[in-house]
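The sequence and model come next, and the description follows them.

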Amino acid sequence: MSVSLRSLAASCLDVTGDFSVRAGIYGYPHGAINRELRLLSHISNIRGQAINLSVILVAHEPGYGGQFTQANCQRIQAGIDRMREIYAQVGLGVRRIYWSYIPVAQAGGYSTVDGSEATDLTNDWSGDNDGIDVFWVSNVTDAGGWSNSDGPCNKDQDKVRTGAVLEISNSDDFTGILLAHEVGHYLRLRHFTTITNLMGVDSNNDGIGELNSTSTDLTSDQGDRMKDSCFVRNPC
Amino acid sequence: MVQRETAKSALSADLKRVVGADHIVLRKTAVLKKADAARLAALLGQKQSKGPDALIDRKRALAALARSAPLQRDTADILGRLLVDETADPSERLAAASYLGALSTDMAERPLIAALRQARGPFRSRVLKSLAQVGSASAFRLLRDLEPENAAEARQLALATAAIAAREPGLVSPDYGKAFGLEWAEAKAEPLDRKSLAAVHAGLSGPLFSMAPSAKLGLGYTCGKTRFTLLLNDSLDQNDIPKAVMAREWIAASMVTQAGNAAHWTLRWLVLTQPVADGLRMVLLRPNGDAMFEGMAQPGKDGMNFHLRDTGLERIPTQIDGRILRNGLSWTHKVWRGPLRAKKRPLPLAI
């Protein structure tokens with residue numbers, strides 16, 4: 001079945017009027033992306049069962065005047081694209097990307113957080129949309145990122161972490177793996193038994209996961225589990 | 001490539017696992033062996049590539065070094081240099097500011113104070129937090145006289161000065177109430193004369209769950225534009241109220257209110273009491289069953305003292321304290337006047 005890009009944008013992404021493919025269809029408004037974008041497979045992925053992401057930059061200002069440079073935002077874009085590739089293995093798309101920010105003046109001490117402050121951050125703020133909240137901060141002092149195992153459907157729930165909180169990693173690839181991993185937790189996944197799996201391993205059984213650049217596989221069981229989440233949207 | 005492999009092989013397995021650029025241990029809580037910490041300090045002291053050839057993840061490396069060698073001068077030097085390096089990656093400077101807060105005062109305080117003078121925004125906030133962690137009298141004097149840039153910073157300054165004063169003998173922090181904005185408005189109920197009480201009875205807009213109010217004993221106070229009257233159950237022995245309430249369950253009293261210029265009084269809360277093993281359970285219920293306050297009355301010298309907490313159904317925190325005396329009651333209603341969380345959460349701004 002053929003479908004026009006314009007009608008797809010309107011029906012699946014709520015994007016109308018003039019738009020660029022990169023910003024309108026992919027949700028990458030921060031300029032060039034250092035990855036090969038394959039439009040047909042992207043369209044196929046976002047039209048199936050999919051989640052939406054609510055990307056919240058903590059202590060950002062328009063014109064990249066806060067804690068995030070354009071390169072940082074481009075790394076997040078690339079990370080999202082890597083995540084899309086990983087989730088596509090199990091037929092789960094990442095459809096809409098809602099970008100928003102908390103201004104520097106209102107970010108308080110949330111540029112650098114530990115696990116407890118990560119919970120406070122997600123309690124104090126949430127994206128006004130149907131995407132899983134992913135907060136990007138400058139530093140997470142005690143982890144690569146924090147999420148919630150089987151995250152709550154109600155983002156306004158108090159006292160529990162209602163989103164993932166991440167710092168930008170040192171490469172596009174790792175940023176994507178870490179993003180996919182933490183959102184994976186939110187979508188009900190637990191640490192796994194092999195390092196090549198996205199959910200990594202807990203090699204010394206201390207509850208602390210480990211990943212490396214090969215941690216990208218997902219099993220069909222994991223895919224099914226993710227698709228049971230309340231954040232998964234129907235095909236469009 | 002060969003060079004990189006050589007450099008990589010110079011990292012021990014533990015070091016690769018904890019800070020290697022191609023490996024992530026998700027929790028940054030590892031403590032390295034002494035030799036690894038020394039190697040890491042040496043690596044962090046050098047200019048490192050941040051590109052695909054990077055050997056280590058610098059932010060994780062800073063965390064690991066601060067945790068593994070907090071007493072080493074090298075650690076403080078590396079973090080301190082980063083703190084004042086305006087050309088450094090902002091997120092690494094923030095990390096340095098954070099991890100200095102985990103070192104000892106003698107190593108961390110001076111670079112933090114120096115950085116505070118120029119620091120703005122999130123960086124300043126983090127420096128303040130670390131000074132709260134490790135600051136001494138020198139930091140206290142500086143922070144005490146610092147003009148906060150906004151309300152959030154005022155709270156951070158208050159915490160920092162309070163934390164330092166709590167550590168350092170001889171220092172006194174500002175009054176906690178003022179410093180942290182802890183303000184309560186207090187309304188103390190006064191006994192009503194029979195005539196006033198009769199007027200309230202006459203103005204009641206409806207029944208009180210079959211509770212006949214005492215014609216002798218009632219307390220009144222005003223909170224905002226609302227008048228409150230506590231009507232005691234006439235069936236309680238008003239010559240020994242503590243004994244009476246401990247005898248069985250009661251609707252011991254009803255709180256009725258009169259809003260603004262209204263002529264009538266309406267039932268706001270029923271005061272239910274239930275004797276239990278360790279005292280008297282008290283619950284204030286709305287007529288629809290919502291529990292608004294709860295607490296215990298405990299026997300004291302001349303009666304029973306009670307403290308009732310609100311259950312959070314109303315946005316503004318309140319509490320009620322009082323005493324049940326042999327032939328009367330005291331009742332003080334406290335209403336929070338400090339900063340409140342916004343009714344609606346703030347929303348991030350769309351890009």
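In which sense do strand β6 (residues 250-259) of chain B and strand β7 (residues 266-276) of chain B pair, and over how many bridges? They pair in the antiparallel sense, over seven bridges. This is a predicted model, in which local features need pLDDT of at least 70 and side-chain atom pairs count only at pLDDT 80 or more, while totals for chains, interfaces and linings use all residues. Residues are numbered from 1 along each chain as its sequence is written, and chains are lettered from A and ligands numbered from 1 in the order in which they are written.

Helices (H or I, at least four residues) and strands (E, at least two) are DSSP runs numbered from the N terminus; two strands pair if DSSP finds at least two bridges between them.

**Strand pairs**

β6(B) and β7(B) form a hairpin with six residues between them. In the turn, Gly260(B) has a positive phi of about 45°. A hairpin of two residues joins β7(B) to β8(B).

| Strands | Sense | Bridges |
|---|---|---|
| β6(B) and β7(B) | antiparallel | seven bridges |
| β7(B) and β8(B) | antiparallel | seven bridges |
| β8(A) and β1(B) | antiparallel | three bridges |
| β1(A) and β2(A) | parallel | nine bridges |

Individual partners can be named for each pair. Met255(B) has Trp269(B) in β7(B) as its bridge partner, and Thr273(B) stands opposite Met282(B) in β8(B). Glu210(A) stands opposite Val25(B) in β1(B), and Ile56(A) is bridged to Ser100(A) in β2(A).

**A sheet with strands of both chains**

Six strands form an open sheet of mixed pairing, in the order β6(A)-β7(A)-β4(A)-β1(A)-β2(A)-β13(B). β6 (145-146) of chain A and β13 (349-350) of chain B stand at the edges with a single partner strand each, so one side of each is left without a neighbour in the sheet. Helix α4 (residues 70-88) of chain A packs on the sheet and touches β1, β2 and β4 (132-137) of chain A.

**Contact between the chains**

Two residues are in contact if their C-beta atoms, placed from the backbone, lie within 7 Å. By this rule, 40 residues of chain A are in contact with 34 residues of chain B. On the side of chain A that touches chain B, the largest share, five residues, comes from β2(A). That side divides into 16 nonpolar, 18 polar and six charged residues. Here Ala, Val, Leu, Ile, Met, Phe, Trp, Tyr, Cys and Pro count as nonpolar, Asp, Glu, Lys and Arg as charged, and the others, Gly among them, as polar.

**Two helices of chain B**

The axes (lines fitted to C-alpha atoms over the stretch in contact, with angles from 0 to 180 degrees between N-to-C directions) of helix α9 (residues 137-144) of chain B and α10(B) come within 10 Å and cross at roughly 150°. The contact involves, among others, Phe140(B) and Leu143(B) of α9(B) and Ile164(B) and Ala165(B) of α10(B). Its residues divide into seven nonpolar, one polar and one charged.

Leu171(B) lies in the loop between α10 (151-167) and α11 (176-180) of chain B. Leaving aside neighbours within four places in sequence, Leu171(B) is in contact with Ala137(B), Phe140(B), Ile164(B) and Ala165(B). Leu171(B) and Ala137(B) are 34 residues apart in sequence and 7.4 Å apart in space, C-alpha to C-alpha.
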